[in-house]
Amino acid sequence: MKKVMVINGPNLNLLGLREPDQYGHDTLDTVETLCMQAGDKLGVAVECRQSNHEGVLIDWIHEAGREVAAGAMLGVVMNPGAYTHTSVALHDAIKGASVPLIELHISNVHARESFRHHSFISPAARGIIVGLGVKGYAIAIDALVQVTSK
Ligand code: DQA
């Protein structure tokens, strides 16, 4: 069974507590359960990770790239959190590792502050899901499976 890696970046461990008007009331645990259930339906194994540290996220993207190259993984669904708007290093990691990656945001970043309108991740992403709440994770996993299926 092929794998999908779901990576959540900084502050997403606070889901459920953090700005519920933007991000809803579901916790990260609930979101990860939703992701596993989406994987079960699609016949892929979903592995969920979260870190607040840019270098750790980069290492995981490199790891995913190796697994994709080995034919064991389809790619990554990633919510890069605020690193979306700051991290050239994550952009370079996604390109460098040649990993198919769906960028995901729970909130509609384009309807928020202007500093959230630019993404360093989008030019390196295979596709983008924005503003659909936590349901977006299941949609992103489905999309990744569809665009990477041969
Ligand atoms: C976010 C949007 C980012 O602007 C923000 O920094 C986050 C979460 C989202 O899921 O809507 O941490 O990626």
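**Cysteines and annotated site in a predicted model**

Reader: How far is the sulfur of C48 from the closest cysteine sulfur?

Author: In this predicted model, the cysteine sulfur closest to that of C48 belongs to C35. The gap is too far for a bond, because a disulfide requires sulfur atoms within 2.5 Å. The separation between the sulfurs of C48 and C35 is 4.6 Å.

Reader: How many disulfides does a search of the whole structure find?

Author: C35 has its closest cysteine sulfur in C48, at 4.6 Å, which is too far for a bond. C35 is also buried, at 1% relative accessibility. For the whole structure, the number of disulfides found is zero.

Reader: Is Y23 buried or exposed?

Author: Y23 lies in helix α1, residues 20-23. Beyond its neighbours within four places in sequence, Y23 is in contact with residues including L15, R18, I106 and R112. Its relative accessible area is 8%, and the cut-off for burial is under 20%, so Y23 is buried.

Reader: With which side chain does the side chain of H105 make a polar contact?

Author: H105 is located in strand β4, residues 101-105, and is buried at 6% relative accessibility. Leaving out residues up to four places away in sequence, H105 touches N79, P80, T84, I129, V130, G131 and L132. At 2.6 Å, the polar contact of the H105 side chain is with the side chain of E103.

How values were computed
Residues numbered from 1 in each chain as written. Predicted model: local features only at pLDDT ≥ 70, side-chain atom pairs only at ≥ 80, totals over all residues. Heavy atoms only, no water. Buried < 20%, exposed > 50% of the residue type's maximum accessible area, 1.4 Å probe, protein only. Helix = DSSP H or I, 4+ residues; strand = E, 2+ residues; numbered from the N terminus. Contact = heavy atoms within 4.5 Å. Polar contact = N/O pair within 3.5 Å; in protein donor to acceptor, adjacent residues only side chain to side chain.
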